[in-house]
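Could you walk me through this model, one selection at a time? I have the viewer open and would like to know what to click on next.

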Amino acid sequence: MEPKKIKEGVYWAGAEDWDRRLFDSLIPLPDGTSYNAYIVKGRDKTALIDTVDPTKAKTLLTFLDSLERLDYIIAQHAEQDHSGTIPSVLKKFPEAKVLSTPKGKEFLTDLLELPSDAIVIVADNETLDLGGKTLEFLHTPWIHWPETMSTYLREDAILFTCDLFGSHLASSNIYVDDFARVCEASKRYYAEVMMPFRATIKKHMERFEKFKIEIIAPSHGPVHRDPARIIASHGEWVSDKLSNTVVIPYATMHGSTEALVESLTDALVERGVFVDRFNIAVTDAGKLAMALVDAPTVVFGTPTILIGAHPFAMHAAFMVNALRPKMKYSSVIGSFGWGGKAAEQIVSAISGTKAEVLEPVMVKGRPKAGDFERIGRLAGDIVKRHSGLGLL
Ligand code: FEO
């Protein structure tokens with residue numbers, strides 16, 4: 001198998017992982033993923049940008065059979081889906097030097113036990129001339145880890161961004177051929193791992209504005225030959241822009257919480273607010289994460305199990321707290337039989353979001369007329385807040 005040419009001297013040498021369905025034992029991958037590695041050949045030197053997940057090492061090593069020599073392995077990110085095959089590549093090309101940020105060197109040493117003299121630190125904005133191919137290293141910490149960098153290939157105006165602008169999408173076409181599909185996969189990826197770092201990503205994107213970019217080559221998913229579109233999409237996700245939407249993740253056991261969710265949905269929709277509802281017992285967590293990208297309000301629905309919130313509702317609360325979405329308001333609705341602390345547990349679990357908590361509606365047994373009136377008042381409070389944000 002030969003590497004696929006992107007430009008003269010620039011090749012894709014990655015691996016498609018069609019059947020992977022879970023990342024980090026947590027993140028659903030409905031469309032698989034790819035691990036993209038790139039070969040850049042100058043007149044004098046050759047560099048490999050990122051490697052592949054170790055499960056696909058053979059694919060990359062086969063691509064590298066076509067190289068007479070390899071001088072540099074550019075480790076843009078130490079997470080093992082990109083760095084995990086570096087030891088095998090070094091075995092094949094022992095003379096190659098691994099280039100990384102200072103933090104990258106620390107992580108590569110910790111995670112892969114690479115000998116520290118195999119790793120050379122590159123400074124922010126440092127350039128490397130391969131002979132007619134100039135690479136500029138741009139430190140971009142906190143894409144989601146603190147050691148990440150991007151690499152700009154000047155002569156071809158290609159920006160290699162590793163996870164940023166990537167998508168978990170396996171495809172036989174290394175280029176974007178259906179932007180809507182790639183964009184949704186990219187939004188899912190952004191929402192699942194990058195959302196907590198949106199302020200930092202925004203700054204990195206502002207820095208990229210100085211560069212002429214003709215191609216964005218991420219290390220997951222298809223390559224963008226029309227980069228303006230994926231840049232614009234990310235620009236919207238990292239902006240302060242909010243939608244007029246309430247996200248309701250909920251669990252229900254015997255229907256009481258579901259009846260409250262139904263009532264709140266109707267009350268909000270009647271007042272002109274959109275609702276994204278997720279029964280989290282059967283929801284793909286990526287769909288919930290995507291809904292959180294620009295929602296100002298999240299209302300959790302939970303029955304009481306034993307003495308507290310339903311574990312699935314707690315899982316959603318934990319996820320919302322970790323992902324730090326733009327949300328400004330939250331609440332809890334649900335039911336209990338004889339007591340418990342379900343609402344308090346949810347509120348405590350999302351304390352990191354700093355969202356204002358609107359009066360929870362917890363109901364004893366089946367909801368009755370007075371309970372639905374309380375739901376109506378909660379809907380009214382949400383409408384007021386959304387109006388205050390200029391969304392209505
Ligand atoms: Fe694709 Fe953060 O690794």
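Happy to. Keep in mind that this is a predicted model. To colour them, select residues 4-238 for domain 1 and 246-385 for domain 2.

**Stop 1: the interface between the domains**

Show the residues that touch across the boundary: 14 residues of domain 1 are in contact with 14 residues of domain 2. Together the two domains bury about 1200 Å², with 67% of that area on carbon and sulfur atoms.

Now look for charged pairs. Two salt bridges are counted between domain 1 and domain 2. Select E184 and K287, which form a salt bridge with their closest N and O atoms 3.6 Å apart.

Which elements give two or more residues to the domain 1 side? Select α5 (179-194) and α7 (227-238). Of these, α5 gives the most, with six residues. The domain 1 side divides into eight nonpolar residues, no polar ones and six charged.

**Stop 2**

Pick D31 and R181, a salt bridge with 3.4 Å between the closest N and O atoms. D31 sits in the loop between β5 (27-28) and β6 (33-35) and R181 in helix α5, so the pair ties together parts that are 150 residues apart in sequence. D31 is partly exposed at 29% relative accessible area, and R181 is also partly exposed, at 42%.

**Stop 3: D71 and R69**

Select these two side chains next; they meet in a salt bridge at 2.1 Å, N to O. Is D71 buried or exposed? D71 is buried, with a relative accessible area of 7%, while R69 is partly exposed at 40%.

**Stop 4: E356 and R385**

Move on to E356 and R385, whose salt bridge has its closest N and O atoms 2.8 Å apart. E356 lies in strand β22 (residues 356-357) and R385 in helix α12 (residues 369-388), so this pair links distant parts of the chain, 29 residues apart. Both partners are partly exposed: E356 at 34% and R385 at 23%. For a network, select K7, K212 and E214, which are joined by salt bridges that share partners.

**Stop 5: T265**

Finish in helix α8 (residues 256-270), where you will find T265. T265 is buried, with a relative accessible area of 11%. Leaving out residues up to four places away in sequence, T265 touches I248, V275 and R277.

Key:
Residues are numbered from 1 along each chain as its sequence is written. This is a predicted model: local features need pLDDT of at least 70, side-chain atom pairs count only at pLDDT 80 or more; totals for chains, interfaces and linings use all residues. Side-chain values use heavy atoms; hydrogens and water are left out. Domain bounds come from an automatic or database domain assignment. Contact means heavy atoms within 4.5 Å. Buried area is the accessible area (1.4 Å probe) that two parts lose on being put together, summed over both. A salt bridge is a side-chain nitrogen of Lys or Arg within 4 Å of a carboxyl oxygen of Asp or Glu. Helices (H or I, at least four residues) and strands (E, at least two) are DSSP runs, numbered from the N terminus. Ala, Val, Leu, Ile, Met, Phe, Trp, Tyr, Cys and Pro count as nonpolar, Asp, Glu, Lys and Arg as charged, and the others, Gly among them, as polar. Buried means under 20% relative accessible area, exposed over 50%, partly exposed in between (1.4 Å probe, protein chains only).
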